[in-house]
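Subject: Handover of a structure

Dear colleague,

Please find the structure below.

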Amino acid sequence: MGDTTLPQHTCNSVPLIIDGEEFRPDGTEYTFFADNFGKHLTQSYEIPIHGADVKSCNLAVDSCARAFTSWRESSPHHKRHLFHKTVTLLREREVEIRSIMEQEINCTPTWSHINFEDSIRIIEEAAALVTSPTLGGIIPPATSVKSQALVFIEPLGVIIGIAPWNSPLILGLRAVVAPIAAGNTAILKGSELSPRTHYFVARLFKDAGFPPGVLNFLVHREQDGPEIFKTLIERPEVRKCNFTGSTPVGRILASQAARSLKPMLLELGGKNFAVVMKDADLDQAARLVVEGAFLNNGQICMSTDIVLVDKSILSDFKGKVLALVQDPVSAPPITPVINSKSATRIRQLLSDAEAKGAKVTKVPQPASQQTTFDASQIIPATIIEDITPSMAFYSQEGFGPLLGILPFSTPEEAAAVISSCPYGLSASIFTQNHFAALKFGRSLRVGAIHINGATVHDGSTLPHGGHGDSGWGRFGASWGLQEFVQTKTMILNE
């Protein structure tokens with residue numbers, strides 16, 4: 001998967017998909033190019049992207065609204081067949097999509113492989129759930145011997161799914177698979193930083209035989225975002241939006257949706273902590289903390305930002321972490337972060353920490369990992385010590401190849417640090433006392449606790465989401481389906 005040759009099915013431009021057809025808005029003023037770092041020096045190219053305008057947004061909603069009438073009545077077996085066909089096509093196109101991701105977001109073959117395999121699981125889980133009780137109804141106890149109530153479960157209507165670039169195949173599919181499985185139609189609003197991957201998702205549904213309008217695809221220039229979202233969310237046919245992305249953008253979108261009385265499912269940023277207790281297996285803890293911190297350059301919402309370490313084992317643990325990131329074999333592969341905007345933000349976090357007394361250790365890439373990327377675009381794996389609350393990194397999401405190490409004296413002190421953080425997405429606890437870990441984890445306001453595991457973990461059969469500034473609602477399995485249905489009560493009387 002290191003080959004950067006363009007696959008034969010890759011388009012020469014990225015169009016929209018509306019009503020089952022490729023669509024290019026009139027004129028050229030909305031055409032743009034992705035502003036990404038790290039183009040392979042041996043495969044430098046720019047692919048034009050046809051950005052959406054107000055007209056194309058309205059056409060997409062119109063198409064979804066038409067398709068909803070029949071799609072909501074489609075049999076579960078037909079839906080399952082189409083999802084299975086989607087999996088078959090995805091497997092056939094593995095080389096294509098992994099090549100696109102590696103080129104588009106500068107990721108490693110490891111990350112493209114994880115995206116590919118987890119995406120298949122998401123689709124397969126949706127196929128299994130189309131006949132689940134979640135999409136059925138209930139008959140509650142009657143309030144009178146002469147009446148009977150029936151509670152039906154129904155889809156909402158048109159759903160907007162807004163997916164980010166950092167895990168583009170997984171999150172692109174996650175944004176639309178559950179809504180569609182529940183009988184809704186959807187608009188995938190892709191990222192301007194991973195448009196080819198998100199176009200691939202929409203094309204996959206089209207080629208699998210989903211009816212025109214069940215899934216439409218829009219992407220747009222960054223500066224057009226406010227107008228595009230306003231146009232979509234104010235359409236009465238649109239009934240809900242799910243968004244995965246940063247907390248500041250999530251606040252803006254949620255407030256706009258609220259004005260139209262539309263609910264939002266928000267999976268936002270995370271300031272994720274790992275806690276290493278004094279009885280932990282230090283080799284295991286160090287390996288999984290490094291994995292959680294540096295996989296995909298730390299550009300994952302669940303990435304480990306800070307590891308809290310019992311003071312009695314701090315020196316030993318720190319030595320093991322540094323040995324791992326400096327070892328030519330075990331060192332995490334580091335590629336360019338997504339673009340210059342991201343690099344500037346990360347460097348500002350480091351400068352602020354250093355200016356306020358932090359010890360910052362930047363680990364050079366081993367010679368064995370040197371690539372064709374421009375070295376000036378690389379932010380190396382970085383360890384930050386002597387962290388204090390005055391530093392921006394103490395409370396802000398790193399979203400880069402950064403790992404803070406912070407000692408604690410008691411578990412209560414560690415819990416207080418985590419509880420003071422406004423985010424609450426993922427955390428890890430390393431200890432050999434599982435019952436103590438369960439008790440400690442229950443005290444944390446965090447969506448997922450991984451005992452002796454990395455913070456970066458999710459599963460297609462599990463609920464996924466956060467607390468506080470990490471958003472609300474849950475993706476995943478039956479919990480995800482419940483986000484995109486509503487009840488209708490019918491009362492029969494004699």
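The second largest cavity has a volume of about 90 Å³. Lining this second largest cavity are 13 residues, and those closest to its centre are Ile418, Tyr423, Gly424, Arg445 and Val446. Strand S11 (272–276), helix H13 (411–419) and strand S16 (426–430) are the elements that give two or more residues to its lining. By class, the lining of the second largest cavity has 7 nonpolar, 4 polar and 2 charged residues. In total, a search of the whole structure finds 4 cavities of 30 Å³ or more.

Some terms need explaining. On a 1 Å grid over the protein atoms alone, a cavity is a set of points where a 1.4 Å probe fits but cannot get out, and a pocket is an open set with protein on both sides within 12 Å along at least five of seven lines; lining residues have an atom within 4 Å of a point. Grid points are joined across faces, edges and corners, and a volume is the space filled by probe spheres set on the points. Ala, Val, Leu, Ile, Met, Phe, Trp, Tyr, Cys and Pro count as nonpolar, Asp, Glu, Lys and Arg as charged, and the others, Gly among them, as polar. Helices (H or I, at least four residues) and strands (E, at least two) are DSSP runs, numbered from the N terminus.

This is a predicted model, in which local features need pLDDT of at least 70 and side-chain atom pairs count only at pLDDT 80 or more, while totals for chains, interfaces and linings use all residues. Residues are numbered from 1 along each chain as its sequence is written, and side-chain values use heavy atoms, leaving out hydrogens and water.

The mean pLDDT (the predictor's confidence in each residue, from 0 to 100) of the protein is 94, and 95% of its residues reach 70 or more. Where pLDDT is low, the predicted coordinates should not be read in detail.

The largest pocket holds about 1500 Å³ of space. Of its 45 lining residues, Trp165, Glu192, Ser246, Val249 and Lys341 are the closest to its centre. Helix H8 gives the most to this lining, with 6 residues.

Is His220 buried or exposed? His220 counts as buried (under 20% relative accessible area; exposed is over 50%, partly exposed in between; 1.4 Å probe, protein chains only) because its relative accessibility is 6%.

Yours sincerely
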